[in-house]
Amino acid sequence: MRRLSPIDVMFLLLERRHAPFHVGALSLFHPPEGAPPNYAAALAERLSQQTHVSIPFNRRLAGRAGMNYWARDPHFDLAHHFVHLALPKPGRIRELLAMVSRMHSAHLDRAYPLWCTYLIEGLEDGRIATYTKVHHSMVDGVAGIRLMLKSMSPDAIASAEMPPPWSLKPSCRRTSTLSVPAVTGFRALTELALQGRHSVPAVFSQISRTVKDYRARHPDLVTSFQAPRCIFNQHISGSRRFAAESYSTARIKAVAERFDSTTNDAVLALCASALRRYLIEQNALPDQPLIAAVPVSIRRDDSEEGNEISIALVNLATHLSDPVERFMLIKRSMDYNKARFSQMSPAQLLAYTAAMLAPGLMTLLPGVKHAAANVVISHVPGPREPMYWQGCRLDGIYPVSLLLDGFALNITLIRRHDKVDFGLLACRRSVPQMQHLLGYIGDALSELEAVGGLSEPMDSIGSARQRA
């Protein structure tokens with residue numbers, strides 16, 4: 001048995017009937033050329049025979065003396081966790097996204113290991129899909145994507161011989177059952193304790209500087225008090241709507257380079273434009289700019305262990321109608337955060353971020369109307385080359401995140417070598433017609449290309465938009 005970390009326990013405590021606390025991903029694949037009509041059924045049968053299940057997939061929650069532990073499930077049944085499904089006809093992407101929306105709304109049963117994988121056939125274009133969800137207490141989204149990629153290969157033939165994620169040997173993957181943020185947090189807190197009297201003054205110095213910038217009304221500083229109230233900041237229901245689409249990596253990178261920014265800056269500008277248009281359509285655009293909570297890497301070396309991140313609050317400039325002015329304000333807001341973050345060690349940054357976000361975290365309490373941010377926008381690195389799973393070519397990985405009260409919309413994207421895969425999750429009741437945002441992101445990309453003088457024939461750099 002292994003005791004859960006405090007952060008893992010927090011993820012369990014945060015879960016509510018209307019707010020399941022799992023993360024997931026929808027992946028699309030092209031079967032091998034010449035695959036027979038029963039290919040998906042044969043693949044499902046082969047995978048169902050992979051009954052060797054390793055850590056953490058063979059562990060379920062257990063309690064002892066009021067404490068939570070991970071314990072090996074002596075009655076593990078793969079049939080409960082791996083399911084073969086078929087889409088209802090006509091098998092459009094619409095039906096697939098509706099199916100994932102329903103499945104992501106349902107809780108994982110705590111009597112079993114907290115994960116499920118679905119192999120889905122019946123798409124009208126011949127592709128197959130997988131949808132996997134894992135409880136956040138078991139693994140976080142970034143680590144989950146990495147784990148998924150370790151069951152793939154850039155070689156189609158080699159990939160057909162690789163085990164599924166639940167059967168990977170410990171030497172082939174991360175063995176810790178701690179979530180990535182938990183590992184980072186404990187390591188950073190340990191470092192903070194070791195630094196002792198040298199760290200505390202440094203953190204207070206940074207807090208004092210922030211207070212000074214706030215009093216001076218620094219135009220690029222964003223605090224946890226600035227987010228306006230909007231339709232995204234309300235109580236959520238248990239029903240979800242998931243939408244997904246891909247856009248050309250080359251085109252987004254070209255826009256970023258044209259405006260001397262990063263790809264992440266460009267993505268934030270696209271999202272800001274889409275959110276502004278959506279809120280205008282809903283007659284709900286606040287006079288003040290929306291604020292995004294954006295995870296930012298604080299890694300200072302080339303290691304691959306863990307996922308060292310902090311949270312930056314970014315001004316999305318949705319009050320500005322000019323796309324270039326909006327882009328530049330977003331860039332300056334991100335640059336301000338990066339400059340401040342670069343002056344602190346990971347441990348100092350952890351303490352600083354906790355202090356800065358603490359007032360805004362009250363939004364999670366019942367009856368509190370203030371929100372630290374309006375929307376979460378997360379950018380996750382994906383594969384840098386074509387990948388194959390079980391002989392099938394990967395055609396997209398669309399993240400399916402989670403929602404909390406006060407945060408009814410989540411935008412997460414994975415950047416691959418040729419496409420940026422957007423996964424949008426929203427409360428179906430609180431955010432009506434959320435799928436319109438996907439089209440608005442594409443329109444924003446075309447607009448920035450036009451004002452930047454980058455308009456080129458579609459086939460020269462790849463289509464801007466690819467339906468999931």
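At what angle do the axes of helix α11 and helix α13 cross?

The structure before you is a predicted model. In this model, helix α11 spans residues 323–341 and helix α13 spans residues 436–451. Their axes come within 10 Å, and the crossing angle is roughly 100°. Angles of 65 to 115 degrees count as roughly perpendicular, and α11 and α13 are therefore described as roughly perpendicular to each other. On the α11 side, the contact is made by Pro323, Val324 and Phe327. On the α13 side, Glu447, Leu448 and Val451 take part.

Next, the confidence of the prediction. The protein chain has a mean pLDDT of 84, and 83% of its residues reach 70 or more. Two stretches call for caution. Over residues 171–196 the pLDDT stays under 50, and the model has 63 contacts for this stretch beyond four places in sequence. Residues 299–308 also have a pLDDT below 50, with 27 contacts in the model beyond near neighbours in sequence. Where pLDDT is low, the predicted coordinates should not be read in detail.

I now come to the backbone. Most residues other than glycine have a negative phi, and most peptide bonds are trans. Several places in this chain depart from that pattern.

Ile55 and Pro56 are joined by a cis peptide bond, with omega about 5°. Pro56 sits in the loop between α2, residues 39–48, and β3, residues 59–64. A cis bond also runs from Lys89 to Pro90, where omega is near 15°. Pro90 belongs to the loop between β5, residues 82–86, and α4, residues 93–105.

As for phi, Gln390 is not a glycine, yet its phi is positive, at about 55°. Gln390 lies in the loop that links β12, residues 388–389, with β13, residues 392–400. Is Gln390 buried or exposed? Its relative accessibility is 3%, so Gln390 counts as buried.

Gln433 likewise has a positive phi of about 55° without being a glycine. Its place is in the loop between β15, residues 419–427, and α13, the helix whose contact with α11 opened this talk. For Gln433 the relative accessibility is 40%, so this residue counts as partly exposed.

Let us move to helix α9, residues 249–258. Which of its residues are buried? They are Thr249, Arg251, Ile252, Val255 and Ala256. The N-terminal end of α9 is capped by Ser248, which places a side-chain oxygen 3.3 Å from the backbone nitrogen of Ala250. After α9 comes Asp260, with a positive phi near 50°.

Finally, I turn to helix α1, which covers residues 6–14 and contains Val9. With a relative accessibility of 21%, Val9 counts as partly exposed, because the cut-off for buried is under 20%. Setting aside residues up to four places away in sequence, Val9 touches Leu4 and Asn68. How far apart in space are Val9 and His136? Their C-alpha atoms are 10.0 Å apart, although 127 residues separate them in sequence.

Note on methods
Residues numbered from 1 in each chain as written. Predicted model: local features only at pLDDT ≥ 70, side-chain atom pairs only at ≥ 80, totals over all residues. Heavy atoms only, no water. Axes fitted to C-alpha atoms, helices over the stretch in contact; angles between N-to-C directions. Helix = DSSP H or I, 4+ residues; strand = E, 2+ residues; numbered from the N terminus. Parallel < 35°, antiparallel > 145°, perpendicular 65-115°, else oblique. Contact = heavy atoms within 4.5 Å. pLDDT = per-residue confidence, 0-100. Buried < 20%, exposed > 50% of the residue type's maximum accessible area, 1.4 Å probe, protein only. Polar contact = N/O pair within 3.5 Å; in protein donor to acceptor, adjacent residues only side chain to side chain.
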